[in-house]
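Have the viewer open and follow along.

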Amino acid sequence: GSFQVLGNITIPIFYSVTGMVFTPDGRLGFLATCSNGGSSGNILSFSRSSDGTLTLAATYGLPANSCATALTVSPDGRYLADTEVQVYSISSNGTLTAVLPQPFTFILGGFTLTVQDLAWDPSGSYLLVSPVYENRLEYAGGLAVLQFSGSTLTETVPPTGNPVGNLQMTGSFVYGMGLCNFSCPISGIYGYDFQNGQLTTLPGSPYAYGNESDMVIY
């Protein structure tokens, strides 16, 4: 049960950093950094050796004033998506290439929404996304669905109206951690059944819990 240090990785000075995600075979890992107070972002690619050590393989520079706050790898390991809502093809050496002409942007009531989290469905054909707009009193947004094909993302489900942050998906079921400002004392976990690009609210959703945090499914 003890830990053994394999090595240290130097990450350039950053303002924030995402969690690391891996390709399904565990051969490549990715994390995104944000520096200069949010004005400069990168996605770092790491190769992983058989003993678990990581080596920086490639760096992808995001556009100015862009910073990813979460990443997700497609089930087949071919694509990486970030919360800027750009999709990247992954080469064998970890190099990333943007495949969309421009990132997908969510607009609601004239406001640009910020994506909190995103996840691929098991087929790799859809991205489930949690775009949110926050003002001083409340959140707006919800869970949305984007169909991915070649170099195109198409919205098949607009934001559901129940703002969520972190997402978890297991099989056809997706759960979002409800976001709540001053208007509600208890947050909820919103659950949906995802089939053929559409969402159906699960019985009893939202499921009440005490704070806005994260969860894992096992």
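**Entry 1: Asn65.** I began with Asn65, which is exposed because its relative accessible area is 62%. My terms here: buried is under 20% relative accessible area, exposed is over 50%, and partly exposed is in between, with a 1.4 Å probe and protein chains only. Asn65 sits in the loop between S5 and S6. I noted a phi near 60° for Asn65, a positive value in a residue other than glycine. As a reminder to myself, most residues other than glycine have a negative phi, and most peptide bonds are trans.

**Entry 2: ground rules.** I am working with a predicted model, in which local features need pLDDT of at least 70 and side-chain atom pairs count only at pLDDT 80 or more, while totals for chains, interfaces and linings use all residues. Residues are numbered from 1 along each chain as its sequence is written, and side-chain values use heavy atoms, with hydrogens and water left out.

**Entry 3: the whole chain.** I looked up the secondary structure and got 0 helices and 21 strands. Both are DSSP runs numbered from the N terminus: helices are H or I with at least four residues, strands are E with at least two. The C-alpha trace spans about 45 × 45 × 35 Å along its principal axes. The radius of gyration is 18 Å, which agrees with the value near 17 Å that a compact globule of 218 residues would have. That radius is taken over C-alpha atoms, and the globule rule is 2.2 Å times the number of residues to the power 0.38. Buried residues account for 42% of the 218. Of the contacts between residues at least 6 apart in sequence, 42% join residues at least 24 apart, where contact means heavy atoms within 4.5 Å.

**Entry 4: the disulfide.** How many disulfides does a search of the whole structure find? I got 1, taking a disulfide as a pair of cysteine sulfur atoms within 2.5 Å. The bond joins Cys34 to Cys67, with 2.0 Å from S to S. The link of Cys34 and Cys67 is right-handed, with 75° about the S-S bond. Cys34 belongs to strand S3 (residues 28-35) and Cys67 to the loop between strand S5 (54-61) and strand S6 (71-73), so the pair ties together parts 33 residues apart in sequence. Are these cysteines buried or exposed? Cys34 counts as buried because its relative accessibility is 4%, and Cys67 counts as buried at 14%.

**Entry 5: Leu56.** Leu56 is in strand S5 and is partly exposed, with a relative accessible area of 47%. Beyond its neighbours within four places in sequence, I found Leu56 in contact with Leu44, Ser45 and Phe46. From Leu56 to Cys67 I noted 11 residues in sequence and 19 Å in space, C-alpha to C-alpha.

**Entry 6: an open sheet.** I traced 4 strands in an open sheet, in the order S6-S7-S8-S9, with antiparallel pairing. Its edge strands are S6 and strand S9 (96-98), as each pairs on one side only. Two strands pair if DSSP finds at least two bridges between them. Strand S7 (residues 79-82) and strand S8 (residues 87-90) have 3 bridges, and Tyr79 has Ser89 as its bridge partner in S8.

**Entry 7: a hairpin.** Strand S17 (residues 164-170) pairs with strand S18 (residues 173-178) over 5 bridges, in the antiparallel sense. Gln168 has Tyr175 as its bridge partner in S18. The hairpin has 2 residues between the strands, and Gly171 there takes a positive phi near 60°.

**Entry 8: a cis peptide.** The peptide bond from Ser205 to Pro206 is cis, with omega near 5°. Ser205 lies in the loop between strand S20 (198-201) and strand S21 (207-209), and counts as buried at 18% relative accessibility. Leaving aside neighbours within four places in sequence, Ser205 is in contact with Ile189, Tyr190 and Gly191.

Entry 9: Asn196 is in the loop between strand S19 (187-195) and S20. Phi of Asn196 is near 50°, a positive value in a residue other than glycine, and Asn196 counts as exposed at 72% relative accessibility. Asn8 is in the segment before strand S1 (16-17) and counts as exposed at 76%.
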